[in-house]
Amino acid sequence: MSKLSNTAAPSQDAIPYKTLANGYTIPGIGMGTFGSDRFTAEQVAQGVFHAAEAGFRFFDCASVYGNESMIGDVFAKIMQSGISRSELFIDSKVWNDRHDDVIASCKQSLEDLKLDYLDLYLVHWPFSNYHAPGCTVDSRSPDATPYSHERFMNTWAQMEQLVEMGLVRSIGTSNMTIPKMELLLRDCRIRPVVNEMECHPHFQQQALYDYLLANEIQPVGFCPIGSPTRPERDRTADDTCDIEDPVMVEIARRHNVHPAIICIKWAVQRGHIPIPFSVVKEQIYGNITCITEDPLTDEEMAAIAGIDRNNRLIKGQVFLWEGAKSWEDLWDLDGTITQ
(Lines give C-alpha, C1' and ligand atoms only; values in the text may rest on other atoms or scores of the structure.)
Protein backbone atom coordinates (compact mmCIF):
# COMPACT_ATOMS: atom_id res chain seq x y z
CA MET A 1 0.00 0.00 0.00
CA SER A 2 1.27 3.43 -0.90
CA LYS A 3 0.80 6.60 1.09
CA LEU A 4 -2.57 8.30 0.98
CA SER A 5 -2.71 10.00 -2.38
CA ASN A 6 -3.89 13.47 -3.33
CA THR A 7 -6.80 12.10 -5.35
CA ALA A 8 -9.75 14.47 -5.00
CA ALA A 9 -11.96 13.62 -2.05
CA PRO A 10 -14.75 15.66 -0.51
CA SER A 11 -13.88 18.04 2.28
CA GLN A 12 -14.59 16.61 5.73
CA ASP A 13 -16.68 19.71 6.32
CA ALA A 14 -19.02 18.48 3.58
CA ILE A 15 -19.66 15.12 5.30
CA PRO A 16 -22.75 15.16 7.53
CA TYR A 17 -22.38 14.05 11.14
CA LYS A 18 -24.94 12.80 13.63
CA THR A 19 -24.84 13.36 17.38
CA LEU A 20 -25.63 10.23 19.35
CA ALA A 21 -27.77 10.26 22.49
CA ASN A 22 -24.65 10.11 24.69
CA GLY A 23 -23.09 13.16 23.01
CA TYR A 24 -20.54 11.45 20.77
CA THR A 25 -20.65 12.21 17.05
CA ILE A 26 -20.67 9.74 14.18
CA PRO A 27 -20.16 10.35 10.44
CA GLY A 28 -23.31 10.19 8.34
CA ILE A 29 -21.83 7.49 6.10
CA GLY A 30 -19.58 4.55 6.85
CA MET A 31 -17.59 1.85 5.10
CA GLY A 32 -18.69 -1.75 5.62
CA THR A 33 -16.03 -4.46 5.88
CA PHE A 34 -17.99 -7.67 5.36
CA GLY A 35 -16.48 -9.34 2.30
CA SER A 36 -19.62 -11.43 1.76
CA ASP A 37 -17.53 -14.61 1.41
CA ARG A 38 -16.53 -13.27 -2.03
CA PHE A 39 -13.51 -11.13 -1.23
CA THR A 40 -10.30 -11.92 0.61
CA ALA A 41 -9.24 -10.18 3.81
CA GLU A 42 -6.48 -8.55 1.78
CA GLN A 43 -9.00 -7.10 -0.67
CA VAL A 44 -11.21 -5.78 2.12
CA ALA A 45 -8.22 -4.20 3.87
CA GLN A 46 -7.16 -2.52 0.63
CA GLY A 47 -10.71 -1.21 0.30
CA VAL A 48 -10.49 0.28 3.79
CA PHE A 49 -7.29 2.07 2.79
CA HIS A 50 -8.95 3.51 -0.31
CA ALA A 51 -11.97 4.51 1.78
CA ALA A 52 -9.82 6.52 4.19
CA GLU A 53 -8.14 8.08 1.18
CA ALA A 54 -11.57 9.01 -0.21
CA GLY A 55 -12.69 10.64 3.02
CA PHE A 56 -14.45 7.86 4.93
CA ARG A 57 -13.89 8.09 8.68
CA PHE A 58 -16.47 5.55 9.95
CA PHE A 59 -15.51 1.89 9.55
CA ASP A 60 -17.91 -0.90 10.49
CA CYS A 61 -16.02 -4.04 11.56
CA ALA A 62 -16.87 -7.37 13.19
CA SER A 63 -14.91 -10.27 14.58
CA VAL A 64 -16.85 -12.82 12.54
CA TYR A 65 -15.74 -11.20 9.28
CA GLY A 66 -12.31 -12.75 9.83
CA ASN A 67 -10.36 -9.72 8.63
CA GLU A 68 -9.89 -7.47 11.66
CA SER A 69 -6.18 -8.21 11.98
CA MET A 70 -5.45 -7.10 8.41
CA ILE A 71 -7.74 -4.08 8.78
CA GLY A 72 -5.83 -3.22 11.95
CA ASP A 73 -2.62 -3.03 9.92
CA VAL A 74 -4.39 -0.59 7.60
CA PHE A 75 -5.66 1.54 10.50
CA ALA A 76 -2.07 1.83 11.69
CA LYS A 77 -0.99 3.02 8.24
CA ILE A 78 -3.91 5.44 8.06
CA MET A 79 -2.95 7.03 11.37
CA GLN A 80 0.70 7.15 10.32
CA SER A 81 -0.43 9.15 7.29
CA GLY A 82 -1.61 12.00 9.49
CA ILE A 83 -5.24 11.10 10.20
CA SER A 84 -5.59 11.06 13.97
CA ARG A 85 -7.41 8.39 15.95
CA SER A 86 -9.90 11.01 17.13
CA GLU A 87 -10.94 11.63 13.52
CA LEU A 88 -11.90 7.97 13.06
CA PHE A 89 -15.08 6.28 14.21
CA ILE A 90 -14.50 2.52 14.44
CA ASP A 91 -16.93 -0.11 15.61
CA SER A 92 -16.90 -3.87 16.00
CA LYS A 93 -19.36 -6.54 17.11
CA VAL A 94 -19.47 -9.52 19.44
CA TRP A 95 -20.37 -12.68 17.55
CA ASN A 96 -23.06 -15.11 18.62
CA ASP A 97 -20.73 -17.71 20.11
CA ARG A 98 -19.15 -15.13 22.46
CA HIS A 99 -22.28 -13.79 24.17
CA ASP A 100 -21.01 -15.22 27.45
CA ASP A 101 -17.51 -13.85 26.93
CA VAL A 102 -18.07 -10.33 25.64
CA ILE A 103 -15.15 -8.62 27.34
CA ALA A 104 -12.58 -11.10 26.02
CA SER A 105 -14.11 -10.86 22.54
CA CYS A 106 -13.87 -7.07 22.59
CA LYS A 107 -10.27 -7.18 23.81
CA GLN A 108 -9.41 -9.54 20.95
CA SER A 109 -10.96 -7.15 18.43
CA LEU A 110 -9.02 -4.27 19.96
CA GLU A 111 -5.80 -6.25 19.67
CA ASP A 112 -6.54 -7.25 16.08
CA LEU A 113 -7.59 -3.74 15.08
CA LYS A 114 -4.55 -2.29 16.92
CA LEU A 115 -6.68 0.15 18.89
CA ASP A 116 -6.91 1.27 22.51
CA TYR A 117 -10.67 1.76 22.38
CA LEU A 118 -13.67 1.34 20.09
CA ASP A 119 -16.08 4.15 19.37
CA LEU A 120 -18.95 1.68 19.27
CA TYR A 121 -19.43 -2.00 20.10
CA LEU A 122 -22.52 -3.90 18.97
CA VAL A 123 -24.21 -7.18 19.78
CA HIS A 124 -24.17 -8.61 16.26
CA TRP A 125 -27.37 -10.68 16.64
CA PRO A 126 -29.72 -10.99 19.61
CA PHE A 127 -29.33 -14.78 19.40
CA SER A 128 -26.42 -16.81 20.70
CA ASN A 129 -27.10 -19.35 17.94
CA TYR A 130 -23.94 -20.12 16.00
CA HIS A 131 -23.23 -21.18 12.46
CA ALA A 132 -19.93 -22.04 10.86
CA PRO A 133 -18.42 -19.53 8.39
CA GLY A 134 -19.40 -20.25 4.80
CA CYS A 135 -22.28 -22.56 5.75
CA THR A 136 -25.25 -23.17 3.45
CA VAL A 137 -28.72 -21.76 3.97
CA ASP A 138 -29.94 -25.16 5.18
CA SER A 139 -27.36 -25.41 7.97
CA ARG A 140 -28.77 -25.64 11.49
CA SER A 141 -27.04 -25.85 14.85
CA PRO A 142 -28.43 -28.52 17.18
CA ASP A 143 -27.74 -26.11 20.06
CA ALA A 144 -29.84 -23.26 18.61
CA THR A 145 -32.55 -21.88 20.89
CA PRO A 146 -35.22 -19.16 20.68
CA TYR A 147 -34.44 -15.67 21.94
CA SER A 148 -33.85 -15.53 25.68
CA HIS A 149 -34.16 -12.08 27.23
CA GLU A 150 -32.45 -13.26 30.40
CA ARG A 151 -29.43 -14.43 28.43
CA PHE A 152 -29.41 -11.30 26.30
CA MET A 153 -29.38 -9.11 29.41
CA ASN A 154 -26.43 -11.10 30.75
CA THR A 155 -24.67 -10.24 27.50
CA TRP A 156 -25.75 -6.62 27.74
CA ALA A 157 -24.41 -6.33 31.29
CA GLN A 158 -20.98 -7.20 29.89
CA MET A 159 -21.46 -4.58 27.18
CA GLU A 160 -22.12 -2.02 29.91
CA GLN A 161 -18.93 -3.12 31.65
CA LEU A 162 -16.97 -2.34 28.50
CA VAL A 163 -18.14 1.28 28.70
CA GLU A 164 -17.24 1.47 32.38
CA MET A 165 -13.80 -0.03 31.66
CA GLY A 166 -13.13 2.60 28.98
CA LEU A 167 -12.69 -0.01 26.25
CA VAL A 168 -15.64 1.32 24.26
CA ARG A 169 -17.33 4.69 24.18
CA SER A 170 -20.77 3.60 23.05
CA ILE A 171 -22.73 0.37 22.82
CA GLY A 172 -25.53 -0.69 20.53
CA THR A 173 -27.47 -3.48 18.93
CA SER A 174 -27.88 -5.05 15.52
CA ASN A 175 -30.68 -7.03 13.88
CA MET A 176 -33.10 -6.15 16.68
CA THR A 177 -36.88 -5.94 16.62
CA ILE A 178 -39.21 -3.55 18.43
CA PRO A 179 -40.41 -6.15 20.99
CA LYS A 180 -36.82 -7.11 21.86
CA MET A 181 -35.72 -3.48 22.00
CA GLU A 182 -38.58 -2.57 24.34
CA LEU A 183 -37.38 -5.18 26.82
CA LEU A 184 -33.77 -4.00 26.55
CA LEU A 185 -34.71 -0.35 27.11
CA ARG A 186 -36.80 -1.38 30.10
CA ASP A 187 -34.01 -3.32 31.80
CA CYS A 188 -30.67 -1.79 30.76
CA ARG A 189 -28.48 0.59 32.76
CA ILE A 190 -26.68 2.02 29.71
CA ARG A 191 -28.94 2.50 26.72
CA PRO A 192 -27.99 1.52 23.18
CA VAL A 193 -27.27 4.56 21.04
CA VAL A 194 -27.22 2.74 17.69
CA ASN A 195 -29.12 -0.11 16.07
CA GLU A 196 -27.64 -1.57 12.91
CA MET A 197 -30.31 -2.94 10.60
CA GLU A 198 -30.89 -3.99 7.03
CA CYS A 199 -32.17 -0.92 5.19
CA HIS A 200 -32.54 -0.18 1.48
CA PRO A 201 -35.31 1.16 -0.79
CA HIS A 202 -37.03 -2.23 -1.10
CA PHE A 203 -36.78 -2.81 2.68
CA GLN A 204 -37.18 0.49 4.48
CA GLN A 205 -38.31 -0.81 7.91
CA GLN A 206 -40.24 2.40 8.52
CA ALA A 207 -41.92 1.26 11.76
CA LEU A 208 -38.62 0.18 13.33
CA TYR A 209 -36.90 3.30 11.97
CA ASP A 210 -39.52 5.58 13.55
CA TYR A 211 -39.37 3.65 16.82
CA LEU A 212 -35.60 4.02 17.01
CA LEU A 213 -35.69 7.76 16.39
CA ALA A 214 -38.42 8.17 19.00
CA ASN A 215 -36.09 6.48 21.50
CA GLU A 216 -32.98 8.44 20.48
CA ILE A 217 -31.32 5.42 18.86
CA GLN A 218 -29.49 6.14 15.60
CA PRO A 219 -30.29 3.70 12.77
CA VAL A 220 -27.30 2.44 10.77
CA GLY A 221 -28.29 0.65 7.58
CA PHE A 222 -26.46 -2.31 6.09
CA CYS A 223 -27.13 -3.65 2.57
CA PRO A 224 -27.81 -0.05 1.46
CA ILE A 225 -27.94 -0.93 -2.24
CA GLY A 226 -29.62 -4.31 -1.77
CA SER A 227 -26.37 -6.27 -1.33
CA PRO A 228 -25.94 -7.73 -4.83
CA THR A 229 -22.79 -9.58 -3.65
CA ARG A 230 -24.36 -11.15 -0.54
CA PRO A 231 -23.61 -14.84 0.14
CA GLU A 232 -25.62 -17.52 -1.62
CA ARG A 233 -27.10 -18.60 1.73
CA ASP A 234 -28.86 -15.22 1.88
CA ARG A 235 -30.52 -15.52 -1.52
CA THR A 236 -34.06 -16.73 -2.17
CA ALA A 237 -36.22 -16.88 -5.28
CA ASP A 238 -38.53 -14.10 -4.07
CA ASP A 239 -35.78 -11.50 -3.58
CA THR A 240 -36.08 -8.27 -5.53
CA CYS A 241 -33.28 -5.98 -6.74
CA ASP A 242 -33.35 -2.34 -5.70
CA ILE A 243 -30.95 -1.10 -8.36
CA GLU A 244 -33.14 -2.58 -11.11
CA ASP A 245 -36.34 -0.97 -9.83
CA PRO A 246 -37.78 1.31 -12.58
CA VAL A 247 -38.17 4.20 -10.14
CA MET A 248 -34.52 3.95 -9.08
CA VAL A 249 -33.35 3.54 -12.67
CA GLU A 250 -35.26 6.63 -13.79
CA ILE A 251 -34.00 8.80 -10.92
CA ALA A 252 -30.46 7.60 -11.64
CA ARG A 253 -30.90 8.50 -15.31
CA ARG A 254 -31.92 12.05 -14.38
CA HIS A 255 -28.87 12.42 -12.14
CA ASN A 256 -26.58 10.64 -14.61
CA VAL A 257 -25.34 8.15 -12.00
CA HIS A 258 -25.66 4.45 -11.24
CA PRO A 259 -28.82 3.47 -9.28
CA ALA A 260 -26.56 2.35 -6.41
CA ILE A 261 -25.60 6.01 -5.92
CA ILE A 262 -29.27 6.93 -5.62
CA CYS A 263 -29.67 4.31 -2.86
CA ILE A 264 -26.87 5.93 -0.87
CA LYS A 265 -28.16 9.47 -1.42
CA TRP A 266 -31.62 8.37 -0.29
CA ALA A 267 -30.26 6.81 2.91
CA VAL A 268 -28.29 9.87 3.98
CA GLN A 269 -31.09 12.30 3.15
CA ARG A 270 -33.62 10.11 4.95
CA GLY A 271 -31.50 10.19 8.09
CA HIS A 272 -30.09 6.72 8.63
CA ILE A 273 -26.38 6.03 8.17
CA PRO A 274 -25.55 3.74 5.24
CA ILE A 275 -22.45 1.55 5.32
CA PRO A 276 -21.78 0.61 1.68
CA PHE A 277 -19.01 -1.86 0.90
CA SER A 278 -16.78 -2.04 -2.14
CA VAL A 279 -13.23 -3.03 -2.99
CA VAL A 280 -13.24 -0.96 -6.20
CA LYS A 281 -11.50 2.38 -5.70
CA GLU A 282 -13.71 4.32 -8.11
CA GLN A 283 -16.87 2.99 -6.47
CA ILE A 284 -15.56 3.83 -3.00
CA TYR A 285 -14.89 7.43 -4.04
CA GLY A 286 -18.29 7.66 -5.69
CA ASN A 287 -20.04 6.32 -2.59
CA ILE A 288 -18.87 9.20 -0.43
CA THR A 289 -18.65 11.99 -2.99
CA CYS A 290 -22.28 11.48 -3.99
CA ILE A 291 -23.63 12.59 -0.61
CA THR A 292 -21.97 16.00 -0.90
CA GLU A 293 -23.51 17.08 -4.21
CA ASP A 294 -26.64 16.98 -6.37
CA PRO A 295 -29.19 16.01 -3.67
CA LEU A 296 -32.40 14.20 -4.45
CA THR A 297 -35.51 16.35 -4.67
CA ASP A 298 -38.45 16.04 -2.29
CA GLU A 299 -40.39 14.45 -5.13
CA GLU A 300 -37.67 11.88 -5.71
CA MET A 301 -37.48 11.06 -2.02
CA ALA A 302 -41.24 10.59 -1.97
CA ALA A 303 -41.08 8.34 -5.03
CA ILE A 304 -38.48 6.12 -3.35
CA ALA A 305 -40.58 5.99 -0.18
CA GLY A 306 -43.32 4.50 -2.35
CA ILE A 307 -41.33 1.50 -3.62
CA ASP A 308 -40.84 -0.26 -0.29
CA ARG A 309 -41.58 -3.97 -0.90
CA ASN A 310 -40.80 -5.28 2.61
CA ASN A 311 -38.15 -7.42 0.92
CA ARG A 312 -35.81 -8.62 3.66
CA LEU A 313 -32.64 -10.08 2.12
CA ILE A 314 -30.71 -11.16 5.23
CA LYS A 315 -33.32 -13.46 6.72
CA GLY A 316 -31.10 -15.33 9.20
CA GLN A 317 -32.28 -18.85 8.37
CA VAL A 318 -29.08 -20.38 9.77
CA PHE A 319 -30.04 -19.19 13.27
CA LEU A 320 -33.30 -21.14 13.43
CA TRP A 321 -33.91 -23.59 16.25
CA GLU A 322 -35.70 -26.91 16.33
CA GLY A 323 -39.43 -26.27 16.17
CA ALA A 324 -39.16 -22.88 14.45
CA LYS A 325 -41.60 -22.62 11.54
CA SER A 326 -39.60 -20.32 9.27
CA TRP A 327 -37.13 -17.46 9.24
CA GLU A 328 -40.03 -15.14 10.07
CA ASP A 329 -39.91 -16.50 13.64
CA LEU A 330 -36.68 -14.55 14.11
CA TRP A 331 -38.28 -11.19 13.46
CA ASP A 332 -41.35 -10.99 15.76
CA LEU A 333 -43.60 -9.97 12.88
CA ASP A 334 -46.79 -10.16 14.94
CA GLY A 335 -45.36 -7.89 17.64
CA THR A 336 -44.51 -10.69 20.07
CA ILE A 337 -41.26 -12.57 20.62
CA THR A 338 -41.49 -16.09 19.18
CA GLN A 339 -40.54 -18.79 21.65
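**Notebook: pockets, cavity, cysteines**

I sorted the lining of the second largest pocket by residue class and got nine nonpolar, six polar and four charged. My classes: Ala, Val, Leu, Ile, Met, Phe, Trp, Tyr, Cys and Pro are nonpolar, Asp, Glu, Lys and Arg are charged, and the others, Gly among them, are polar. I am working on a predicted model, where local features need pLDDT of at least 70, side-chain atom pairs count only at pLDDT 80 or more, and totals for chains, interfaces and linings use all residues. Numbering starts from 1 along each chain as its sequence is written, and side-chain values use heavy atoms, with hydrogens and water left out.

**Second largest pocket**

I looked up its volume: about 410 Å³. The lining has 19 residues, and the closest to the pocket centre are Gln205, Asn310, Arg312, Trp331 and Leu333. Two elements, α5 (178-187) and α6 (206-214), each give two or more residues to this lining. α6 gives the most, with three residues. Helices here are DSSP runs (H or I, at least four residues), as strands are (E, at least two), numbered from the N terminus. A pocket is an open set of points on a 1 Å grid over the protein atoms alone, with protein on both sides within 12 Å along at least five of seven lines; a cavity is a set where a 1.4 Å probe fits but cannot get out; lining residues have an atom within 4 Å of a point. Points are joined across faces, edges and corners, and a volume is the space filled by probe spheres set on them.

**Cavity**

I searched the whole structure and found one cavity of 30 Å³ or more. The largest cavity has a volume of about 50 Å³. Its lining is Asn175, Met176, Met197, Glu198, Gln205, Leu208, Phe222, Arg312 and Trp331. By class, that lining holds five nonpolar, two polar and two charged residues.

**Cysteines**

How many disulfides does the structure hold? I found zero. A disulfide needs a pair of cysteine sulfur atoms within 2.5 Å. The sulfur of Cys61 has its closest cysteine sulfur in Cys106, 12 Å away, so the two are too far for a bond. Cys199 has its closest cysteine sulfur in Cys223, at 10 Å, again too far for a bond. Cys61 is buried at 0% relative accessible area. Cys199 is buried too, at 1%. Buried means under 20% relative accessible area, exposed over 50%, partly exposed in between (1.4 Å probe, protein chains only).

**Val74**

I placed Val74 in helix α2 (residues 68-80). Val74 is buried, with 2% relative accessibility. The C-alpha atoms of Val74 and Lys114 are separated by 9.5 Å, with the two residues 40 residues apart along the chain.
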